[in-house]
Amino acid sequence: MKKFEFDIDKAFLEKFFPKERVKSKAQVIEILMEATRYMLLNPSVSKERSAGQIILYIDKMRRLFFFTKEKYFSIAFPFLAYDKDEEGKYRFSFQNDIDVNSQLISKVIAIIKCDEF
């Protein structure tokens, strides 16, 4: 089993824990894509700035867990995850042939926020 842990900076907390209740699949996809972008950036967060944690478990299942002191939730993680490369960056792909990068994430978010979606 692989386990990847990321501290959540206070500035990003509202992206993963919106104030209103998540009501649609589009909102879940947006949280998933923003979390994937955050893990790609892999920021170092000081303990004073840490407001929660994201944990990605890779085993027979792939799940992304979000934790704060008040609440937690999890969603399925559809991408393959790879260990850090020589630059210290994580890599994600979809079905081994589509790399998940910031450009792809921005396009997916733009599509789900489009009124026609």
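**The sheets and a helix**

Tutor: In strand 3, the residue that Gln-53 has as its bridge partner is Phe-67. Before going further, please note that this is a predicted model, in which local features need pLDDT of at least 70 and side-chain atom pairs count only at pLDDT 80 or more, while totals for chains, interfaces and linings use all residues. Residues are numbered from 1 along each chain as its sequence is written, and side-chain values use heavy atoms, with hydrogens and water left out.

Two strands count as paired if DSSP finds at least two bridges between them. Four strands make up this open sheet, in the order 1-2-3-4 and with antiparallel pairing. Its edge strands, each pairing on one side only, are strand 1 (2-9) and strand 4 (72-76), and from one strand to the next the twist averages 20 degrees, where axes are lines fitted to C-alpha atoms, for helices over the stretch in contact, and angles run from 0 to 180 degrees between N-to-C directions.

An open sheet of three strands, with antiparallel pairing, has the order 5-6-7. Here the edges are strand 5 (80-82) and strand 7 (98-100), each of which pairs on one side only, and neighbouring strands are turned by 35 degrees against each other on average, direction ignored. Strand 5 is joined by three bridges to strand 6 (residues 91-94), the two running antiparallel, and the bridge partner of Tyr-82 in strand 6 is Arg-91.

Let us turn to the helix. The 17 residues of helix 2 (residues 25-41) should span 24 Å at 1.5 Å a residue, and the end C-alpha atoms are 24 Å apart, which agrees; the expected span is 1.5 Å times one less than the number of residues. Among its buried residues are Ile-31, Leu-32, Met-33 and Tyr-38, where buried means under 20% relative accessible area, exposed over 50%, and partly exposed in between, with a 1.4 Å probe and protein chains only. Glu-34, also found in helix 2, counts as buried because its relative accessible area is 13%. Leaving aside neighbours within four places in sequence, Glu-34 is in contact (heavy atoms within 4.5 Å) with Lys-15, Phe-16 and Ile-109. Just after helix 2, Asn-42 takes a positive phi of about 45 degrees.
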